[in-house]
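Keep the view open as you read.

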Amino acid sequence: MGESGSSWAERLSAASVDGFVTALDRQGRMDVVRATREWVRARLAIGPGSTVIDVGCGTGDELGELTRLVAPGGRAIGLDLNPPMAHVARRRLSRAEGVLVAAGEATALPVPDGAVDAVVCERVLQHLGQEPADAVREYARAVRGDGIVALTDSDWSSLEIRVDDDERATRRLLDVRARVRLPFTANQGAGGRLGDYLEAAGLTVLDRRATVLTDFAPELVQGVAAGVNASAAQALSASDLADVRSTVDDALARGALRIAVPFHAVVARR
Ligand SMILES: C[S@@+](CC[C@H](N)C(=O)[O-])C[C@H]1O[C@@H](n2cnc3c(N)ncnc32)[C@H](O)[C@@H]1O
């Protein structure tokens with residue numbers, strides 16, 4: 001199991017998928033996310049005729065790019081645990097050729113051993129209810145000899161929070177951050193351990209990229225703040241919680257809440 005079992009990303013209903021899609025669309029426009037995807041694509045060693053799997057493909061944003069990369073004649077397979085999310089990806093890519101989207105589990109890829117040229121997995125290991133290393137072993141099984149496995153993930157265990165021009169508020173939030181678990185990630189430190197997972201699966205690490213996500217849209221900052229608040233509700237006294245909430249609300253209202261999250265990508269060969 002992951003550090004605290006399954007996370008919210010695994011329990012999407014048809015009704016709750018819309019908000020998640022909106023958040024993923026915002027994240028997909030972030031400069032660091034886009035640049036990291038390009039960096040990964042340049043290292044997949046795939047082209048026309050190749051087969052690639054995007055595990056936890058979400059809305060199919062990157063799956064669309066991968067589909068273009070393997071055309072003509074190739075196959076891009078998107079897999080997502082949540083059927084409503086797989087439905088979104090399928091709908092958005094309905095005109096693309098050579099793409100297949102299925103609902104399924106990262107630890108049980110629907111392909112025989114060594115059947116694919118590359119496996120891509122972005123911001124999924126942090127949400128897994130299972131041990132991330134188990135999923136990565138499954139990716140190693142699915143990829144052919146010399147094939148590539150590329151992992152990208154955030155390291156929420158190293159989340160930095162700052163309130164512009166307010167030392168006291170910054171210290172208050174950092175203190176709370178140190179004491180609470182974020183509810184939207186089951187494996188908070190997954191991003192910092194990608195190389196370990198790949199090596200434990202018997203793969204050879206070829207390249208690493210470490211950047212920091214900072215250009216969060218205000219709505220995404222609010223999402224993180226809501227997560228901290230929700231966790232704090234279990235960990236703090238009522239008066240401490242009220243203080244934290246007003247600190248966050250005030251910082252948000254002034255546009256002064258800054259967050260920074262390390263973002264890692266590691267590419268390995270079988
Ligand atoms: C943060 S989103 C990332 C989506 C996409 N990879 C991207 O970067 O935009 C995480 C996705 O992983 C999916 N997911 C979570 N646990 C999974 C699992 N065990 N197997 C497959 N997909 C999973 C969620 O449904 C969600 O769509």
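What follows goes through the model piece by piece.

First, some housekeeping: this is a predicted model, so read it with the cut-offs in mind: local features need pLDDT of at least 70, side-chain atom pairs count only at pLDDT 80 or more, and totals for chains, interfaces and linings use all residues. Residues are numbered from 1 along each chain as its sequence is written.

Start at the ligand. There are 21 residues around the ligand, and Gly 56, Gly 58, Leu 81, Ala 106 and Glu 122 come nearest (a residue is near if its C-beta atom, placed from the backbone, lies within 6 Å of the molecule). By type, the shell splits into 10 nonpolar, 5 polar and 6 charged residues; here Ala, Val, Leu, Ile, Met, Phe, Trp, Tyr, Cys and Pro count as nonpolar, Asp, Glu, Lys and Arg as charged, and the others, Gly among them, as polar. Helix H1 (17-28) and strand S2 (75-80) each give the shell at least two residues. Helices (H or I, at least four residues) and strands (E, at least two) are DSSP runs, numbered from the N terminus.

An unreviewed UniProt entry annotates residues 53-150 as "domain: Methyltransferase type", though such annotations may be inferred rather than shown by experiment. In the model, that span is 32% helix and 30% strand, and its end C-alpha atoms lie 10 Å apart.

Now look at helix H2 (residues 31-41). Its buried residues are Val 33, Thr 36, Arg 37 and Val 40, where buried means 20 or more other C-beta atoms within 10 Å of a residue's own, exposed means 12 or fewer, and partly exposed lies in between, with C-beta atoms placed from the backbone. Seen down the axis of H2, these buried residues fall within an arc of 100°, so they line one face of the helix; the arc is that of the directions from the helix axis to the C-beta atoms. The background is simple: an α-helix has 3.6 residues a turn, so residues three or four places apart point the same way. Exposed Asp 31 and Glu 38 sit on the face of H2 turned away from its buried side. Among the elements covering the buried residues are H1, H3, S4, S5, strand S7 (204-213) and S8, judged by contacts (C-beta atoms, placed from the backbone, within 7 Å).

The buried residues of H9 are Val 244, Thr 247, Val 248 and Ala 251. Down the axis of H9 they fall within an arc of 95°, so they too line one face. Their cover includes strand S6 (160-163), helix H6 (167-179), helix H8 (218-235) and strand S8 (257-269). After H9 comes Gly 255, with a positive phi near 65°.

Next, Tyr 197 in helix H7 (residues 194-200). Tyr 197 is buried, with 26 other C-beta atoms within 10 Å. Leaving aside residues up to four places away in sequence, Tyr 197 touches Pro 132, Ala 133, Val 136 and Leu 151.

The peptide bond from Ala 71 to Pro 72 is cis, with omega near -5°, and Pro 72 sits in the loop between helix H3 (61-70) and S2. Arg 123 has a positive phi near 55° and is buried, with 20 other C-beta atoms within 10 Å. Asp 146, found in strand S5 (residues 143-154), has a positive phi near 75°. Asp 146 counts as exposed, with 10 C-beta neighbours inside 10 Å.

Note on methods. Contact = placed C-beta atoms within 7 Å.
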